[in-house]
Amino acid sequence: MEYESVIGLEVHVQLQTKSKLFCGCLVNFGAAPNSQTCPVCLGLPGVLPVFNRQAFEWGIRVALALDATVGRVMKFDRKQYFYPDLPKNYQISQYDQPLARRGALTIDGEGNSKRIGIHRIHLEEDAGKLLHSTDEPVSFVDFNRAGVPLLEIVSEPDLRSTEEAYQYLVELKAVLQYLEVSNCNMEEGSLRCDTNVSLRRPTDISLGAKVEIKNLNSFRAVKQALEHEIKRQALLLDQGSAIALETRLWDAKRQRTESMRSKEDAADYRYFPEPDLVPFVIDSNVVEQIQAALPELPAQRRQRFQSVYQLSAYDAHVLTQERTLAELFERTACLCQKPKAVANWIMGDLLAYLNAKNLALDAVTLRPEWLAQLIGLVDDGTLSGTMAKEVWGKVLERGIEPAVIVREGSLQQIVDVGLLEHLADSVIREYPKSVEDYSKGKANALMYLVGQGMKRSQGKANPQQMTQLLKRKLDELRERITGRVTE
Amino acid sequence: MGVVNTETVKHVAALARLHLEGQALEQIAAQLDQILGYVQLLQKLPTDNVAPTSHVLALTNVLREDTPAASLSQDTVLTLAPERHPPFVTVPKVIETSS
């Protein structure tokens, strides 16, 4: 039977403040384990947490960028549960008075955009990190992450396919990066995601039983886990079985979801107001100031790239997904005034290179001036398209400017006309059959001979020049032959 | 009053990882019932004109600037833990999987 999937996403993003949410410990990924903690984040007796102003303002910034209503008053609550990564045995979070509610994020479906509702946005502290020993019955705890500011962004169940869920995540990540509140690095855990999914018949109004899926470490994992889970639930429903309301874990190795041991009363967190933190009244002037200072967001930049640089909707979409990529494009386009060429180089060879090497853009040394220079070298005929691709590969590999690579290698295009003539002549001598074909009017024969000529030049001849040269020589030859016949 | 019975105590004890059995359950249920029963007296107060509050202090917006401060040394932190395997604190193995 056909079912409609109803999907919601819960995203946790670490705010890259200098210090933690309630104490002065550094927020510093990769620091020596247990070197960034203090009595406050370890929950030692008698300490007093104090809220980080930057985290507060960034939280409001994100809420406004997601078109959410910032509450007039917000407060923190204690969420109680036991887990070894939670030193206080409670997490300072927000329950009934969160930072913001009712936002939205617009995703671009296949051509048609769709507004995905955001249920709520709240601030909370992160927990420590656990590592599990493979040969001993112990787990290792690193408390550095305990107390790092997290913003939890909960969507409405407005997503109807894995593709929409994926687009929502990509767009949300882009917005967060544009706001410069987080690096959104999933490998480092600064962006994490849980999802829930239920199926229903398209005619149903009520929602089916909801399954929550955790342990999703990449956008790809979200996609795969949802695909798997939708199939699993459809199969159960087809068999007439009920779907259990439960939490499942994604096992990336085995590519399946597995039921988490159902913990009785797992949802009984016994929230109560955090007595150590007084309420926060959110001044409308502050909200207005933050609103006024919002940077250009991906959707706006997409529009601008289309109108200012005449890019297609698709090109604008790809180029604005990452802030750094959009900046590289724009700076280069301003330098060389050839936006379409810049877009092609970035979307083609650069993204292919990064994907092949599984690298982020900031992992390669690359200046807008270099790409502009490369485009210039193609324009003035120094490099053929093929050669430029080769040079670009070396630029990315070695992090040096194209001109240097052109100079040090023998990559310059052959400009010596004598040498080109010599190449053309040798091709004509070697392929009399093709020469004859050409004289009989087969245009393909010329292309074949040009190909042979380019091969001999090791790609260093200018293809247009080679074509012109060969055509001239072949035409002369044909005239001479036909002339002789008429004589 | 019957606010707290042994079932409630079992539930709360399980959440708090306390192991209570038999006699102790009865005893604590009775004691908690008395305490909470007494607090129930508050329900009799007229509160129609009192706004709900989570704090009694007339204080709001206590904030700090995002300025880093010194942390404890790794040695100190590890000494505080009951068990350690430097640079980590160790705990009995926890793995969130089924079977």
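This passage looks at chain B, a helix of chain A and a pocket lined by residues of both.

The model is predicted, so local features need pLDDT of at least 70 and side-chain atom pairs count only at pLDDT 80 or more, while totals for chains, interfaces and linings use all residues. Residues are numbered from 1 along each chain as its sequence is written, chains are lettered from A and ligands numbered from 1 in the order written, and side-chain values use heavy atoms, with hydrogens and water left out.

Chain B holds 3 helices and 3 strands, in the order α-α-β-α-β-β from the N terminus; helices (H or I, at least four residues) and strands (E, at least two) are DSSP runs, numbered from the N terminus. Its C-alpha trace spans about 55 × 45 × 30 Å along the principal axes. Of its 99 residues, 20% count as buried (under 20% relative accessible area, 1.4 Å probe, protein chains only).

Over in chain A, helix H4 takes in residues 219–238. Its 20 residues reach 29 Å from first C-alpha to last, close to the 28 Å expected at 1.5 Å a residue (1.5 Å times one less than the number of residues). Among the buried residues of H4(A) are A:Phe219, A:Val222, A:Leu226, A:Ile230 and A:Arg232. After H4(A) comes A:Gly240, with a positive phi near 85°.

As for the second largest pocket, 19 residues line it, with A:Pro84, A:Phe143, B:Pro82, B:Val89 and B:Val91 nearest its centre. A pocket here is an open set of points on a 1 Å grid over the protein atoms alone, where a 1.4 Å probe fits, with protein on both sides within 12 Å along at least five of seven lines; lining residues have an atom within 4 Å of a point. E3(B) gives the most to this lining, with 4 residues.

Terms used:
Buried < 20%, exposed > 50% of the residue type's maximum accessible area, 1.4 Å probe, protein only.
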